[in-house]
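Please keep the sequence and the structure in view while reading.

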Amino acid sequence: MKRNIVSAVLLLFCFISLGVLSGAIPVMAGNVASADTAAALTVTPAPAGTEEPPLESPSPADIEDATPGASPTPETAASSTPTPTPTPDGGAAPVTITSDSLIDNHTYYSLDEAALLAEGVSLTLPADGYQILIVHTHTTEAYAPVPGGEYDACGDYRTTDPAYSVVRVGDELAAALEAYGLRVLHDTTIHDYPSYNGSYAASGETIAEYLAAYPGIALVIDLHRDALGDDEVMYKTVADADGETAAQCMFVMGTDVNLEHPLWRENLKLALTLQTAVLERYDTLMRPIVVCDYRYNQQLTTGSLLLEVGTAGNTLDEALAAVRAFAAAVGPVLYSCSAPDGC
């Protein structure tokens, strides 16, 4: 009888062990958080269409004390990448993305837009020397080609030709800001080709070099273009800018969830201030600010912005119209920061 009981117990133990190992029987850990805590710690996945993987390449200073996640897949070589087929309007489905909220929060932080705006920004642009730096971490990002605007592709909607990539959009933004009396440096270094991996580490080094050479630079804009869609449909964002069709723009702001970034709220307050200024003039030009777990080199200065201009479905002309409108709204705000007390 005892032998039968022992055998039954052993058989039951083996059954339970196999169930746990196979996942059929869940294991409950101790110290389970309350429902409120669990909800607060839920991290929303990155938004569909945000092209940059939510894994930044570490800067050299990060390598010793931070282990990055998986690197993004390198871009396809130009020789095996078909050139996008030009269409009169880019051929993408137009969408306008708006929200009652200024922030699209993808972190576990609770962010009070009104409180952050009320705190104001502490940005001071110097009276002399360069004030603003424009760079491109993904320098080869390009737009939907149109007849007469074809380009040699080095990836999917990417080109090393600066006349058709985000570099051209950076030129337009720099000129538009300079028209408001601002002094702008525009770096055109290619950071994402021939290797896409490590592009943020490369652009971080470029930014650090400029900040060392021109310590008066108070605002760094990393200008990208987004991508929206899937295998069946590609979208382009559209906005009205004084009767002209423009692409929509979007700030992507980093936090300190994964790596040290103690002043990230200063960057976010600046983005909110500029976002508000743009929406007061062009109510559809800006998509909500995406707040992410990763830094995107924004730890290098409290005046750091990642600006997405349009999507791969937009045309270059729509992206150019977008940054002209963007500059028309933020130019006067930034110029006011040149005052001795800043803004």
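Which residues have the most contacts inside the largest nonpolar core? They are Leu 173, Phe 251, Leu 268, Val 309 and Leu 334, in a core of 58 residues. A nonpolar core is a set of buried Ala, Val, Leu, Ile, Met, Phe, Trp, Tyr and Cys residues joined through side-chain atoms within 4.5 Å; buried means under 20% relative accessible area, with a 1.4 Å probe and protein chains only. Helix H7 gives the most to this core, with 13 residues. A second, separate core of eight residues includes Val 252, Tyr 294, Tyr 296 and Leu 306.

This is a predicted model, in which local features need pLDDT of at least 70, side-chain atom pairs count only at pLDDT 80 or more, and totals for chains, interfaces and linings use all residues. Residues are numbered from 1 along each chain as its sequence is written, and side-chain values use heavy atoms, with hydrogens and water left out.

Leu 173 is also one of the buried residues of helix H4, among them Val 169 and Leu 177. Helices (H or I, at least four residues) and strands (E, at least two) are DSSP runs, numbered from the N terminus. The cover over the buried residues of H4 includes strands E3, E4, E5 and E11 as well as helix H7.

Val 309 touches Val 169, Leu 223 and Ala 319, among others, not counting residues up to four places away in sequence; contact means heavy atoms within 4.5 Å.

Finally, the cysteines may be considered. The structure holds zero disulfides (pairs of cysteine sulfur atoms within 2.5 Å). Cys 154 counts as buried because its relative accessibility is 4%, and Cys 292 is buried at 7%.

Definitions and conventions:
Buried means under 20% relative accessible area, exposed over 50%, partly exposed in between (1.4 Å probe, protein chains only).
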